[in-house]
Amino acid sequence: QVQLVESGGGLVQAGGSLRLSCVASGSIRSVNDMGWYRQAPGKQRELVASISRDSSTNYADSVKGRFTISRDNAKNTVYLQMNSLKPEDTGVYYCNAIINAFGNPYSHNYWGQGTQVTVSS
């Protein structure tokens, strides 16, 4: 069984910073692309940032220059450093990973349970 567990969310004032972490655990053979998505109330879930196994990154235009995604392959962990936070960054942040588990010939898409980020004005 594979699971993703996020941590690091919370309440912060506009202009502040937060760092999210997500650890993948279980019977993992390899972790491929990892990423962070967010969902604001009444809105669809959207991609915030993604990172490949060789650390190529992709960001939503709304967070470029403020957020940084990184990963530690040895720890099956992905991070999201969020600086200069704005109220519009508020939402539930979900970790996502494409994982090949032992005993399964195919990779699958896994999601964490989500962590709340609230930015007050």
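Leaving aside its neighbours within four places in sequence, which residues is G114 in contact with? In this predicted model, the residues in question are E6, V92, Y93 and Y94. G114 lies in the loop between strand 10 and strand 11. The residue counts as buried because its relative accessibility is 18%, under the 20% cut-off. The C-alpha atom of G114 is separated by 9.8 Å from that of N96, a residue 18 places away along the chain.

Strand 9, spanning residues 91-101, runs antiparallel to strand 10, spanning residues 107-111, and five bridges join the two. Within this pairing, A97 stands opposite Y110 of strand 10. The two strands form a hairpin with five residues between them. In the turn of the hairpin, G103 has a positive phi of about 85°.

The largest nonpolar core contains 30 residues, and the members that touch the most others are W36, L80, M82 and Y93. At least two residues of this core are supplied by each of several strands, among them strand 1 (2-7), strand 3 (18-26), strand 5 (46-51) and strand 7 (67-72). Strand 4, strand 8 (77-82), strand 9 and strand 11 (115-120) likewise each supply at least two. The largest share, five residues, comes from strand 9.

Y93 has contacts in several parts of the chain. Neighbours within four places in sequence being left aside, Y93 is in contact with E6, L20, W36, Y37, R38, V48, F67, L80, M82, G114, T115 and V117.

Two polar contacts involve the side chain of R38: one of 2.8 Å to the side chain of E46, and one of 2.9 Å to the side chain of Y93. With neighbours within four places in sequence again left aside, the residues in contact with R38 are Q44, R45, E46, V48, S62, V63, F67, E88, D89, V92 and Y93.

Note on methods:
Residues numbered from 1 in each chain as written. Predicted model: local features only at pLDDT ≥ 70, side-chain atom pairs only at ≥ 80, totals over all residues. Heavy atoms only, no water. Pairing = 2+ DSSP bridges. Helix = DSSP H or I, 4+ residues; strand = E, 2+ residues; numbered from the N terminus. Polar contact = N/O pair within 3.5 Å; in protein donor to acceptor, adjacent residues only side chain to side chain. Contact = heavy atoms within 4.5 Å. Core = buried A, V, L, I, M, F, W, Y, C linked by side-chain atoms within 4.5 Å. Buried < 20%, exposed > 50% of the residue type's maximum accessible area, 1.4 Å probe, protein only.
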